[in-house]
Amino acid sequence: MEYAQSYMTILVFILVGLALPAAALTLGAWLRPHKPTSAKAITYESGVDPTGDSWVRFNVRYYLFALLFVIFDVETVFLYPWAVAYDVLRADVGLFVLVEMLIFVFFLVIGLIYAWKKRVLEWT
Amino acid sequence: MNVWMLLGPVLLLGVVLGFVTYAILLERKVLGWMQGRHGPNRVGPWGIFQTVADVFKLLIKEDTIPAKADRTLFKMAPVIAFVPAFVVLAAIPFSEDLVFADIGVGVLYIISLSSITTIGILVGGWASNNKYALLGAMRSVAQMISYEIPLVMSVVGVVMAAGTLNLTGIVEAQQRMWFIIPQIIGFLVFFTASLAELNRTPFDLPEAESELVAGYHVEYSGFRFAFFMLAEYVYVFAMAALTTVLFLGGWNPVFGLEFIPPLIWFVLKFALIVFTIFWIRATLPRIRVDQLMQLGWKVLLPLALFNIFLSALLKEVLEGWY
């Protein structure tokens with residue numbers, strides 16, 4: 001029951017969090033002026049007329065970082081349960097619990113070193 | 001289901017808004033003092049109504065949306081950025097009996113929710129159809145995904161020491177020794193990474209004024225802009241509270257000073273972290289984008305991995321101590 005109640009509380013938090021922007025923006029809509037002109041609606045580009053669109057194809061420079069992120073984020077998914085259960089596993093299988101994780105992290109570190117040597121981690 | 005379930009979050013929202021109001025004033029005051037100025041001192045005695053005045057100014061500012069922007073996403077983005085910032089606070093234990101949702105996976109809950117804000121920033125930057133905004137949003141995402149890894153990994157040492165992901169459990173595990181002592185490497189990595197996650201100086205590249213004007217929120221005005229700012233400061237609140245819980249022993253008192261109530265202890269440690277964040281802003285210059293990436297992947301990540309095994313080793317040596 002307490003379990004369900006915790007998540008009910010989170011639901012209340014989400015609702016309160018949504019209510020604040022809704023209330024503030026509605027209040028603002030009553031108070032603020034509304035005099036649109038075509039000049040105000042121009043995209044800002046340091047005071048000069050904007051050239052072209054910004055919805056164009058461009059090189060997302062960090063896509064390799066994003067790939068590395070996925071790898072290491074999945075690694076943390078394995079690290080967390082291991083860390084929580086560390087004491088139990090330590091009593092159960094001894095120091096082998098540490099050796100296992102060392103092997104796992106070792107393989108990932110090889111991946112990191114590879115990316116490092118391939119100069120993926122440079123932002124050029 | 002009782003009345004406190006609704007009233008509690010509303011009260012917390014009030015406290016958080018009060019914190020944000022005075023944290024902004026304090027930040028400007030601290031920056032002023034460190035630069036040999038007075039800081040804001042015109043609105044009310046000691047400038048105490050400065051932020052209040054700023055908020056009312058934002059409230060009556062005209063709301064402009066660029067003609068070329070994607071209107072739906074443009075309006076949604078500040079809300080997507082703000083809501084997770086507030087919802088994160090549900091799991092933080094402020095004292096032994098002041099915790100809103102005492103969930104078993106507290107650490108994971110906070111870390112996973114806080115990354116949703118990145119989506120809000122990306123949506124806002126893209127929907128503006130502005131080059132500065134897009135560049136700022138892209139930088140922000142690159143920075144947040146790069147620093148999330150060391151942030152998450154630096155907590156593994158704490159989780160190992162406490163044997164639980166529940167934040168109340170983590171605080172109770174620190175009754176003998178605060179985790180900042182055995183987990184000093186973890187603390188330093190966590191604190192650095194959290195500054196980067198908060199987009200604060202020296203990692204404020206997504207909104208580097210001198211290159212990107214204002215970054216992802218350059219097209220926002222009035223209260224929509226205010227919600228991006230609010231989200232940022234609510235995260236300062238959440239991160240400072242999380243640092244207090246994970247590394248500074250939460251509400252645990254310093255030995256010999258048990259007569260001070262637990263909640264006061266929490267607030268004191270929390271205030272220390274908040275002050276340090278402002279202090280760093282006054283001290284360090286912004287780092288370059290290539291240095292940013294290298295610091296995250298080549299320094300903090302190996303350090304965080306090393307810390308995991310160091311924690312295991314410490315557990316053997318200091319058996320029963322923590």
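Let me start with two residues: B:Asp63 and B:Arg224 are both buried, where buried means under 20% relative accessible area, exposed over 50%, and partly exposed in between, with a 1.4 Å probe and protein chains only. They form a salt bridge with each other, and the closest N and O atoms are 2.9 Å apart. By salt bridge I mean a side-chain nitrogen of Lys or Arg within 4 Å of a carboxyl oxygen of Asp or Glu.

Before going on, some conventions. This is a predicted model, in which local features need pLDDT of at least 70 and side-chain atom pairs count only at pLDDT 80 or more, while totals for chains, interfaces and linings use all residues. Residues are numbered from 1 along each chain as its sequence is written, chains are lettered from A and ligands numbered from 1 in the order in which they are written, and side-chain values use heavy atoms, leaving out hydrogens and water.

On confidence, the model scores ipTM 0.84 and pTM 0.88. Chain B has a mean pLDDT of 84, with 96% of its residues at 70 or more; pLDDT is the predictor's confidence in each residue, from 0 to 100.

Back to the salt bridges. Over all chains, 5 are found. B:Asp63 also forms one with A:Arg32, with the closest N and O atoms 3.7 Å apart. This pair crosses between chains, from the loop between helices H2 and H3 of chain B to the loop between helices H1 and H2 of chain A. Helices here are DSSP runs (H or I, at least four residues), numbered from the N terminus. A:Arg32 is buried, at 18% relative accessible area, and B:Asp63 is buried at 14%.

Another salt bridge joins B:Asp54 and B:Arg28, with the closest N and O atoms 3.3 Å apart. B:Asp54 is partly exposed at 25%, and B:Arg28 is partly exposed at 35%.

Last, a helix pair. The axes of H6 (residues 131-162) and H12 (residues 289-317) of chain B come within 9 Å and cross at roughly 10°. Axes are lines fitted to C-alpha atoms, for helices over the stretch in contact, with angles from 0 to 180 degrees between N-to-C directions. H6(B) and H12(B) are therefore roughly parallel; that label covers angles under 35 degrees, with over 145 roughly antiparallel, 65 to 115 roughly perpendicular and the rest oblique.

How values were computed. Helices (H or I, at least four residues) and strands (E, at least two) are DSSP runs, numbered from the N terminus.
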